[in-house]
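This report describes the interface, the helices and the packing of a protein model. The sequence and structure are shown first.

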Amino acid sequence: MPQMPKRVKFRKSQRGVARGRSTKERYNGPIRGFSHRGNYVAYGDYGLQSLEGGWLSAECIESGRITMTRFVSGEGRYYLRVFPHKPVTSIPAETRMGKGKGEPEYWAAVVRPGQILFEISGLPEPAARDCLARVAYKMPFKCRLVTRRPSV
Amino acid sequence: MATSVSLQAQPRTGSGSRAAVKLRKQGLVPAIVYGHKEANISVAVSAEELDRAIRVLHARVLDLQLDGKKETVLIRELQWDPFGRTMLHVDFARVSESDRVRVSVPVELRNVPKTTGGGVLDQPLHTLHVECSPTKIPEAIRIDITNLTLGAPIHIRDLTLPEGVKVLEPPEAVVVQLKLPGVEPVPIAIPTEPGTGPEVIKKEKKAEDEEE
């Protein structure tokens, strides 16, 4: 099952500006700024870094998680670095304007360029690269593999 | 042991983000030198040389050549761009041989366990905070995990450290261990049907209000 918060203060949230990559999907322009937190590999040896911004649905995170589980089973460990905190609402098709905000449809994580989405450890680099490439294929953003930063 | 590398620095006059951007376009990295109760000096160093010193030579202590003067400095802080590709700014702290410095040193695992017993390698600590002389900063703390077994983790107290190096983490902290897969918490899965979702936190009504 996709992830979602256990308890929330409010069922619906304001939308913000991020909606999608393509101009057609954008509402008020793409998500602004870069990820200034969660932008380096912290737990594993290799990470998958998003190069674009937008909403990452809980289903996408779950599909990436399943891919990693199947790949690393019994060998390495993986880490999820994003969580879908944001409820996204929608109104049914062929509904007249008005009558208030729609009902929560799905949960999403707000991702800014530079955010590390997944991390992996305990695997050699070729295997980690192969695993994260499979995960990247399922992501709605362009991604790249990153390693740990040199410690100073 | 981290090698001491020589780096050419030039003083810079402008301050602020615009001046820093101009410097970076010229292939320089803005930096500052401070410490030892002397005046702070704003400098710029070659991005290429600095990158080589950090990534290739794993240098921690540098000999900074500034206006014909040599200063021994420690790389105290390094700022990266959001993608972690380029270095934006460096802090150099003046050090002398008699000082004790606190730095983080990476942990390197050597070999593979003989028998895993169905366990998965788990490394909670990838870097260790150590206190030592600036000339004796180890390049890495190397751990041989050939004899690592399930249920017998390697703690800080079990490590063989170079002379004069003190680890600041608690001695009982686990550095590396073999863990059974599936012990880690599985992401929360809440069955959802249309109309149901997470519990909404509501304000509790005061007992007094109810009585009234």
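How many residues of chain A are in contact with residues of chain B, and with how many?

## Basis of the report

This is a predicted model, in which local features need pLDDT of at least 70 and side-chain atom pairs count only at pLDDT 80 or more, while totals for chains, interfaces and linings use all residues. Residues are numbered from 1 along each chain as its sequence is written, chains are lettered from A and ligands numbered from 1 in the order in which they are written, and side-chain values use heavy atoms, with hydrogens and water left out.

## The interface between chains A and B

In reply to the opening question, 37 residues of chain A are in contact with 30 residues of chain B, where contact means heavy atoms within 4.5 Å. The size of an interface is often given as the accessible area lost when the parts come together. Here the buried area (accessible area, 1.4 Å probe, that two parts lose on being put together, summed over both) is about 3000 Å², and carbon and sulfur atoms give 61% of this area. M4(A), R77(A) and V152(A) supply 24% of the area that chain A buries against chain B, more than any other three residues.

Two salt bridges are counted between the chains, a salt bridge being a side-chain nitrogen of Lys or Arg within 4 Å of a carboxyl oxygen of Asp or Glu. The side chains of R77(A) and D122(B) form a salt bridge, at 2.5 Å from N to O.

Helices (H or I, at least four residues) and strands (E, at least two) are DSSP runs, numbered from the N terminus. Helix 1 of chain A has 15 residues (58-72), which at 1.5 Å a residue should span 21 Å; the end C-alpha atoms are 21 Å apart, in agreement. The expected span is 1.5 Å times one less than the number of residues. After helix 1 comes G74(A), with a positive phi near 80°.

Buried means under 20% relative accessible area, exposed over 50% and partly exposed in between (1.4 Å probe, protein chains only). The buried residues of helix 1 include I61(A), M68(A) and V72(A). The partners against which the buried residues of this helix pack include strand 3 (54-57), strand 6 (103-111) and helix 2 (125-138) of chain A. Q115(A), in the loop between strand 6 and strand 7 of chain A, is buried at a relative accessible area of 12%. Its contacts beyond four places in sequence include S35(A), L48(A) and R81(A).

## Fold and cores of chain B

Chain B contains three helices and 14 strands, and 38% of its 212 residues count as buried. A nonpolar core is a set of buried Ala, Val, Leu, Ile, Met, Phe, Trp, Tyr and Cys residues joined through side-chain atoms within 4.5 Å. The largest has 25 residues, and L128(B), V130(B) and I137(B) have the most contacts inside it. Strand 7 of chain B gives the most to this core, with four residues. Domain 1 (4-95) and domain 2 (101-179) of chain B both give residues to this core, so it lies between them; the domain bounds come from an automatic or database domain assignment.

A second, separate core of 23 residues includes V43(B), I75(B), W80(B) and F92(B). A31(B), in strand 2 (residues 28-34) of chain B, is buried with a relative accessible area of 0%. Beyond four places in sequence, A31(B) is in contact with residues including V43(B) and F92(B).
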